[in-house]
Amino acid sequence: MYPLYAGKNTKVRRRSYDLVGSVLLVSLHTMVTIVQLDLIVAIVTIGILAAILLTGNSKQRQWLNGQVAGQKRLPDYSKLTGFPSPKPIHRFDIDSAKPRPYRPFRWEYHQTMCQFSRRWSTICPELSVPAALKKLEPDWWIELESTYRERINQRKKLYAEHGKLVIDELPGSRGSSRECMEMVIQYLCQKYPNQFHYDDWTGVFSNNILGIKVDTSTVHPLVFLLEHVPEDFLITEQDPETNLYVLRAAVSCSAVGWNIGQKIGKPLHQIHAPVPDYKLKMAFSMDRYFLNMPCDKPIQRGSWGLEVGEPLFLQTSEAEWNLRQTQDPDIPLSSIYLRVDWQTLRRMPKSRAVVFNFKALFTPITDFRREPYIPKLVLKVLLEGKKSILKYKGTWHIEHKVIPALKEWAKEQEESGMVPKDWEERTLDEDPFYPGWKDHYPMHA
């Protein structure tokens, strides 16, 4: 079977054969990376490695194994999770990229985080409305767009100013944070191969958009996420005493009215205490959901609000927060934005921690004018939605401007035939988008 080693001890034969691939990897790496060596020296080096393979003692073989094991190749997380890798985008242009136009408006509107499907009916038996949670699409876990550089700079500045209100962790959580970082690195390099690269031997991550390289073996994983991904990551782990999932590590720059310092170390029901009806309608279901969530079934959802400008990180102690308590008659409609926090939830395969990540996306409210059904649907929610939920969203301070505009645009759409006059408000079939959205965003067609 192994003619090169005929007559040798069987155990040695097999061990030697298994190391052939390792020697080839070490040899190739030597020839490629040590550019100062000439061909003769490289050949001699390969000869020495081959000699160790064939005749070396146990200590020499152990050294060779150590060189191979020393490489920093990432695990194949698509295999570990059973969730597919994204398709690569070879002609991606960060400067012209636009996010998908998420419009997570539902009617009849209820605050819920449960998925309407037979698969999860035992977890969320009380759910009787269209799906709030959807299966995560493999190509859309992390989405980069033209505000990338601006957001990264903003995140760095926020961390410098607010420290532990933006990044914090509990002892023992570093392994989960590192796993999250590795999954993100692998995903970015797979989806955006021209923008990002990871060296399996050195562990160096190259960000070609920002023109920087990072040694991932020394960088803090949460700082890495802050400086390279314009999304927030909140990592929860199961408490062995209560079996509840607790926030153990996080980086979050997209926080309005809250911060990581208020949430770290708390279980889900305490984290979501301000959310209307959470304790009554969602707490038990969400605890069970986190316990039972498999690695191969990540989910996504969206929450939304209406803002003046584009506040990414806003605390209740800041002067700007007080502006949300009044209705300014002079605010121009062009200054009002839809904010969507597009969220995903997935279990990591090694630590078994559950990571919640989201990105904040801002769209001028005036865009609704060209989007079929959206003005009439949002108007319905603002006029007839549950008051406690609308208060939690904080829409009151701009309703005096938005509601008249929505009425005007809804009428225009009916008169132009864009929307049938007898259409009754409901969650759109295209949720979380709207009919014809790809005509407005041809890059996603």
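Reader: Is helix H7 mostly covered or mostly open, and how many of its residues are buried?
Author: Happy to start there, keeping in mind that this is a predicted model. The buried residues of H7 include Pro 221, Leu 222, Val 223 and Phe 224. Leu 225, Leu 226 and His 228 are buried as well. H7 is thus mostly covered, and the number of buried residues among its eight is seven.

Reader: Which element gives the largest share of the largest nonpolar core?
Author: This core has 50 residues, and those touching the most other members are Ile 142, Leu 144, Val 184, Leu 188, Phe 196, Leu 225 and Phe 233. Elements giving two or more residues to it include helix H5 (148–162), helix H7 (221–228) and strand E10 (354–364). The largest share is eight residues, and it comes from H6.

Reader: Which residues does Leu 144 touch, not counting residues up to four places away in sequence?
Author: Leu 144 is one of the core residues that touch the most other members. With those sequence neighbours left out, Leu 144 touches Phe 92, Ile 94, Ala 97, Leu 188, Tyr 192, Phe 196, Ile 209 and Pro 230.

Reader: How are H12 and H14 oriented to each other: roughly parallel, roughly antiparallel, roughly perpendicular or oblique?
Author: The axes of helix H12 (residues 374–384) and helix H14 (residues 396–415) come within 8 Å and cross at roughly 140°. Roughly antiparallel would need an angle over 145 degrees, and roughly perpendicular covers 65 to 115. H12 and H14 are therefore oblique.

Reader: How many residues in the contact of H12 with H14 are nonpolar?
Author: H12 contributes residues including Pro 375, Val 378 and Leu 382, while Val 402, Leu 406 and Trp 409 are among those from H14. One residue of this contact is polar and four are charged, and the number of nonpolar ones is 10.

Note on methods. Residues are numbered from 1 along each chain as its sequence is written. This is a predicted model: local features need pLDDT of at least 70, side-chain atom pairs count only at pLDDT 80 or more; totals for chains, interfaces and linings use all residues. Side-chain values use heavy atoms; hydrogens and water are left out. Axes are lines fitted to C-alpha atoms, for helices over the stretch in contact, and angles run from 0 to 180 degrees between N-to-C directions. Helices (H or I, at least four residues) and strands (E, at least two) are DSSP runs, numbered from the N terminus. Angles under 35 degrees count as roughly parallel, over 145 as roughly antiparallel, 65 to 115 as roughly perpendicular and the rest as oblique. Contact means heavy atoms within 4.5 Å. Ala, Val, Leu, Ile, Met, Phe, Trp, Tyr, Cys and Pro count as nonpolar, Asp, Glu, Lys and Arg as charged, and the others, Gly among them, as polar. A nonpolar core is a set of buried Ala, Val, Leu, Ile, Met, Phe, Trp, Tyr and Cys residues joined through side-chain atoms within 4.5 Å. Buried means under 20% relative accessible area, exposed over 50%, partly exposed in between (1.4 Å probe, protein chains only).
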